[in-house]
Every structure is written in structure tokens, then in C-alpha cells.
Amino acid sequence: MLPWILFLLMLLLGCACNSYYYAPNTVHTPHLMERHNAVASAGGLRGPEFSGFEVHGSYALSRRLALMVNHMELRGGNPAQERWGKGRLMEGALGMYFPTGDATSNTLFFGWGAGSAFNQFPKESKATLQFHRYFGQYGISVEHNALRFGTGARLNYLQYRKGWIDYRLGEPDISKIELIEERSPLIFPELSVSLSMGSRPVWVSLFATLMEYNAAEELGLATHTFGLSLTFQMDHFWRAERASKIK
Amino acid sequence: MKKILRLGLPFFAVLLLLAACKQADFEYYYYEPEDYALLSQYLNLPAKPDNYLTKLPKHLEARGLFARAVDQDKAILGRVLFYDKNLSKDGKINCASCHRQEIAFSDDKPVSRGVFDRVGTRNSIALGSVLNFAAYYGTDLFGPSGIPFFWDNRAGTASEQNLATMANPVEMDMKHDDIVNAVRSQPYYAPLFRMAYGDETVTAQRVSEAIANFVNALGSFRSKFDREAERVIGTDTWNSREYMDFSGFTAAENRGKRIYLDNCASCHSPVQGRPMKMYANNGLDATTTDQGVGGITKKNSEMGMFKVPLLRNIALTAPYMHDGRFATLEEVIDHYSTGIQAHPNLSTELRVGNQPRRFNFSPQQKSDLIAFLHTLTDEELLADKRFSDPFK
């Protein structure tokens, strides 16, 4: 109970008491069943002390191959405060999909992305870190009447590249950043579950994403995000168009 | 399509691998280059600022002792002020004159000498006897449970303490205006004040706050005793493990530890964490002239009582007691063994009924106890560059 009250309080106060240098985006599990299937989604995302949005698109190139792109932007606090931060991640992936039965879609993607985390501290000191992330992920999405259930696991190879850090930002964050520099690249898994409701072509989806890295707190990595998105089965529209043309 | 994939994928994979092997390359910045050039003419300050974050060993954290974070930029300024002789009337005394790092920030004279060789009345307190000033000192943060400063507990906070010391005619003899002028006239303070405060305005308050941040970062917790205690006692707070022998100790040290726990820990703390009493009378004299805490509070029940110090680095900080009357640890132990005087406020731990207690330690017990006290020496503190003299 108490953590939830604290969580709610934090939302209300918009407190950015801690700075984060990484946050997981959703491991998307697009429901791809056949060639030219396309999924697009957009929605809000919330982490421990920040929030933002993410968009996702995926497309079945051929009978097996698929493409995926994701973009996420986050912000904690706001520039009027002494402490605030923002982050972003953009990534693309190439992979395959395999329908099993007529209600289940399996997807396997390998991708690459680039992102950054910016944090501001008292005395106007700043830290900007840039990273690349390589990943492989496996997802499964099951459709049942008006529900879709999805779960995806991702293995990340997170590599920090450049950073510009004002030492005046002080402790404990200097230690966190130095530890990131020392430990990078970081390898760790993430897991998402999602529940969607709706029917072709629009779904409302809830996501929860967890990451597991043993020293996440020491390094200032956010361990979870929750999302609420609208998901569109884009091919539905094309198909409708084509169907009307044929008529 | 297939062909492109067959050729393209391995190529792509190799590219990825090459890119992925790159190390993180972070750039840190602190001083502006021209500021650093100026500072370097006078001071040995590292370009990468020192980290004053303190994490206490887990057996101490388990007892609720945490080092609060100090402001790093103010601590850096505070370090320079601590070692700056311009902060004294005759330009010859700095804080370190009476708090020397090589002897755990104490003074080897019975009573300290200040400006113009003026003689004080008390023995300098070893700043290295304290676990960490920011862990339990300072009444502003801890209310009545915070330990005040000085032998007679007359200063509530570190800045109150250092302003009093700077103003004291037998120590540094500097009034607020003198301090401000002395600091303003040194060129290296402008950049340091900008880093700490955002502008170059010098006030006595700022000087004092900066020194307080430095002092609050000070402390000793890396002795042989601490290493063993962290390993053996760990997070146990039932006091059942304190008596367990430490395998890293010699037999004499372990025997001495037991004697200490039985007879001394009820005041000086079993793990040197925080004194069990804020002040006490340990029977140095039957009648006292320096009334210590009572001299400030004017309460009869507190006459002749003094701060109970922690015994960290005690082997280095001779002479001992508030007036530096004992030159060696042997003399201290002899005092507790057979010399305790019947002062009216003599602490109950040191009396039997109305009579002063006689521990009557055997020669073997005495040497065991002294062997144990030597395990409280913290070599790392003595060599810690962050607390050393930065002047060239």
C-alpha cells in the first residue's frame, strides 16, 4: 500500500528527486500474421519519477521478414525546477514472424538504437550521456475475442558512448555516472507484458516493462515503466480500401 | 533478395561488433581552464574534484549511523580555508596547526598554542577520533540527540564551532570583518567561491559554512577494528556478536577487546559508533577547576563533566584528556585501574557505592587493553589526500 501512496504522491508533486540514465521502453509484441500486416501504436509512458510517450510501428515485409521501429521520449520534473531530466531512444529492428494457429503471432527481432539521457542538477550543472543499444527480442501475442495478450523478452547490450558531465552536480550522481562509464557495456534482460482490449482495427493496450540489472540503483537505471497506448492494425485500412476498389 | 541477405548480414554483423566494442568515453569538467591555471599557482587541487561522499561500514549503518552528504564544492573551499594561515591574526596559525593530519587531526601538546604563541586551556580534540561529524554531531539536524562540539559541548553546530575558534583570542583571533578581509585579499578564493556559491561574495557565514562542510566530511572508519567488525558483527544489532573473537586480531587484541567491552564500552561505545553518553565525569580529580559542561550550563549536577570522546586513533593522539594531563596510554590505563578520584559527579560506571571503582588491571590486562586500542588506528585517514594540506 505505502509504495503506491508514495508513487501517487510522486506523480502529484512531479518530483524528480533522483536522476535516471536509462529507462526501458516497451518490448513490443506486434500481432503480425501475414504479409503486409502493419501495426502502429502511440501512447503515454510512466516510470518511477518521469513520464513521456512512445510510438511504435511494425510491418510484415514478406511471408517471414518483418521490420520494427520504436521511439520514446521521457521527461522528469520540468526546466523551472532545480532538478529535472529528459531522455529519448530511437531504434529500428529487422526480424521474423511466425503465426502459430490463427490467433497467435510470434516475433523475433534484432535491432539497434541510439538514445540519450540529459539531467540537470542544482547550480545548473548538467550531465548528458549518449548510448547505443543493441538488442534481440522474442515476443508472443495471442488474440482472443476482444482481448490481446502479449509478452516479450529482450536481451540488451547497452553501450554508453559519449558523456558530458559537470563535476559540480556532485554526489551521489557522480559515482553513478563513473560506475556507468566503468561497467559499460551493460548486458541485461527486460520483460514486458501487455493486455489490449478492442477489435480490429483499434486496440487500447496496457504495458508493463521490467528490467533486471543487479546494480540498477547504483547506476541510476530505471527498472520499470508502465504504458497506455492506442494500437492500430493499419493493414485493416488498406484492405478496406482495396476491397472497396475491387467492388 | 536471398543473395543480398546472405552477403549483407555477415557484413552488417561485423560492423555491429566493431562498433559495439567501443569503450564509453565521458568528458568531465569542473574548473574553467583559466581558473584552474590561477588556482594551480597556489594550490595542489586535482582537476577532477575530490569526492567527499562517505559511506560508513555496514555494522555502523545497521546502528542507524549514516554520513549525511556534504556539499562537495563547499568542502573543497573548506579544505583550503582549513589550511590557510591567512585566517589567523599573525598569519602563522591554521586549523591544522592544532589538528594535524599525521596524528589524526590532533595536537601533540597538552594544551594548544594559538596566535602569537598564546596558550590555550584545553587539549585539542582529535578530529580523527570521531566516526564522522555528519553522522551524529550537530544539534541543528539531530535535535537534542545530536552531539555538540567541544569538550564542554558548548557549540551546537560545526559552523558555530569554527566561528568561535576563529574568534578566540588564544586560537586565531579573527573577528568576522578580519576573516572577510583576509579571504578577499587572496586571489585563489574568487574561483573557489564561484564554484561553491555561484558568485564571489565573501561573508563570514559562507567561510564558516564551507569549513563546516569540510569538517562534516571528516571522520575515521577504516581501521583494522572496523574491517573486522564489519565482517564479524555485520548487520547484527543484538550485541551478541561484539564479544566474538575477530579472526584478524591477535590473541592479545581479542583479550583486550573483551576487557574494553566489559569496562569501557558503556561510555565509549562498543563499536566506536557514537558515544553512549553525551558527557560524564571520569574521576580525574576530586575537585575540579575547569567545570566543563557545568561551566556552561551552571548546573551543579553537571560540574566537572566533559564530552565522552570516541577512542578512534587513540594511539596517535597523546597527550590525553581535556587538559592533556596523561602523556601515554599506560598512564590513562593506570588512571582507570587505580587512580579514579571521588568527584561528586563521578559517573556510576566508575564507582562502587560511594567509592571510586578500582579495576586493578593486571600488567597483562593493561597491555592487552593497549594492544586493542592500537587496532583503532586508521592509516587510510592519515594518508587521505582529500583531507591534506593543499597549499604549494
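The model is predicted: local features need pLDDT of at least 70, side-chain atom pairs count only at pLDDT 80 or more, and totals for chains, interfaces and linings use all residues. Residues are numbered from 1 along each chain as its sequence is written, chains are lettered from A, and side-chain values use heavy atoms, with hydrogens and water left out.

On chain A, a nonpolar surface patch includes A:Val142, A:Phe149, A:Met197 and A:Leu228, and its residues together have about 910 Å² of accessible area. Such patches consist of residues with over 30% relative accessible area and no salt bridge, nonpolar side chains (Val, Leu, Ile, Met, Phe, Trp, Tyr) being joined within 5 Å. Areas come from the Shrake-Rupley method with a 1.4 Å probe, and for residues only the protein chains shown count as cover. At least two patch residues come from each of β7 (147–166), β8 (186–199), β9 (202–211) and β10 (224–233) of chain A; A:Leu228 is placed in β10. Helices (H or I, at least four residues) and strands (E, at least two) are DSSP runs, numbered from the N terminus.

In chain B, helices α8 (residues 158–167) and α11 (residues 204–217) pack at an angle of about 115 degrees, their axes 8 Å apart. Axes are lines fitted to C-alpha atoms over the stretch in contact, with angles from 0 to 180 degrees between N-to-C directions. The contact (heavy atoms within 4.5 Å) includes B:Leu163 and B:Met166 of α8(B) and B:Val207 and B:Ile211 of α11(B).

The whole structure holds 40 salt bridges over all chains, each a side-chain nitrogen of Lys or Arg within 4 Å of a carboxyl oxygen of Asp or Glu. In one of them, the closest N and O atoms of B:Arg79 and B:Asp50 are 3.4 Å apart. This pair links helix α4 (residues 72–82) of chain B to the loop between α2 (33–42) and α3 (58–61), across 29 residues.

Two cis peptide bonds of chain A are tabulated below.

| Cis peptide bond | Omega | Loop holding the proline |
|---|---|---|
| A:Glu171 and A:Pro172 | about 5 degrees | A:Pro172, between β7 and α2 (173–183) of chain A |
| A:Arg200 and A:Pro201 | about 5 degrees | A:Pro201, between β8 and β9 of chain A |

Definitions and conventions. Patch = residues over 30% accessible without salt bridge, like charges linked within 9 Å, V, L, I, M, F, W, Y side chains within 5 Å.
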